[in-house]
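Please keep the sequence and the structure in view while reading.

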Amino acid sequence: MSIENLSANKSFGGWHKQYSHRSLTLNCSMRFAIYLPPQVLTGQKVPVLYWLSGLTCSDENFMQKAGAQRIAAELGIAIVAPDTSPRGENVADDKGYDLGQGAGFYVNATQAPWDNHYQMYDYVVNELPKLIEDTFPVSEKRAISGHSMGGHGALCIAMLNPTRYSSVSAFSPICNPIKTPWGEKAFTAYLGKDKTLWQNYDASELMRKAVQLVPAKVDQGGADDFLLEQLKPEMLVSAAKVSNYPLDLQIHEGYDHSYYFIASLIETHLRFHHRYLNQ
């Protein structure tokens, strides 16, 4: 599969690069960003942290705002940030910020008109990692993380694929989307009205039933405007108690939903993943 390099910026001895490629899974052109730490310049294959962003974001938000490159360079971890949805003139969209382009929710849509392009689960789990591992000097060791909608995606993907990821983390994830306005709107559109089909994309439901366990770290801001109505971390904590899931969930008073929060704690997440990527 051919890819086109759109930009390259040296950063902490490594390189941040942006690429576009034609996605067969999503039936459109897609863009992703990758940070390659300086260790790859000596021929070393490095593990990869996949970062999934939240509503309205693209591949650029995390790479430009989180300040992750310094620690990734120290630890020798590549970071891959895909876009949050299919995009293009022929891709279905909605007037709301929480559905359509920029709001793929990392599910495989089954309902028209979304099913023609919105297969973000398969893209993140299968197509993109294969492209990354075929193209760049990376190993098959993977971790996954994300923010808000992307935190929801990271948790669900890790629990549905426990042998593919060494660890999972999330900032301010949508923990129980089948019981939130964001989740109900997106899942009705993408998956239909049968709510039993929604459960495979709900982190709390998956964690409650989990048998194979992926170490999980979640950080949540206590001053987050979306905390009570949309995020519901207490549901994830309750689910973890049922399955004895290795979940470390911390509430941080005063922090909101923004990238100021992510930048404040991203080092702890990278060091968390590094511990498991090197086991």
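Which residues line the largest pocket?

## Basis of the model

This is a predicted model, in which local features need pLDDT of at least 70 and side-chain atom pairs count only at pLDDT 80 or more, while totals for chains, interfaces and linings use all residues. Residues are numbered from 1 along each chain as its sequence is written, and side-chain values use heavy atoms, with hydrogens and water left out.

## The largest pocket

The lining of the largest pocket consists of Gly-54, Leu-55, Thr-56, Cys-57, Tyr-97, His-147, Ser-148, Trp-182, Phe-226, His-257, Ser-258 and Tyr-259. A pocket is an open set of points on a 1 Å grid over the protein atoms alone, where a 1.4 Å probe fits, with protein on both sides within 12 Å along at least five of seven lines; lining residues have an atom within 4 Å of a point.

The volume of the largest pocket is about 180 Å³, taken as the space filled by probe spheres set on the points, which are joined across faces, edges and corners. Its lining comprises six nonpolar, six polar and no charged residues. Here Ala, Val, Leu, Ile, Met, Phe, Trp, Tyr, Cys and Pro count as nonpolar, Asp, Glu, Lys and Arg as charged, and the others, Gly among them, as polar.

## Salt bridges

The whole structure contains 12 salt bridges (a side-chain nitrogen of Lys or Arg within 4 Å of a carboxyl oxygen of Asp or Glu). One of them joins Arg-31 and Glu-60, at 3.9 Å from N to O. This pair links distant parts of the chain, with Arg-31 in strand β3 (residues 28–36) and Glu-60 in helix α1 (residues 60–65), 29 residues apart. Helices (H or I, at least four residues) and strands (E, at least two) are DSSP runs numbered from the N terminus.

In a further salt bridge, the closest N and O atoms of Asp-94 and Lys-185 are 4.0 Å apart. Asp-94 lies in the loop between β5 (78–82) and α3 (120–135), and Lys-185 in helix α5 (residues 181–191), 91 residues away.

## A linked network

Salt bridges connect Arg-70, Glu-74, Glu-267 and Arg-271 in a network. Within it, Arg-271 and Glu-74 approach to 3.1 Å between their closest N and O atoms. Because Arg-271 belongs to helix α9 (residues 259–277) and Glu-74 to helix α2 (residues 69–75), the pair ties together parts that are 197 residues apart in sequence.

Arg-271 is partly exposed at 33% relative accessibility, and Glu-74 is partly exposed at 48% (buried is under 20% relative accessible area, exposed over 50%, partly exposed in between; 1.4 Å probe, protein chains only).
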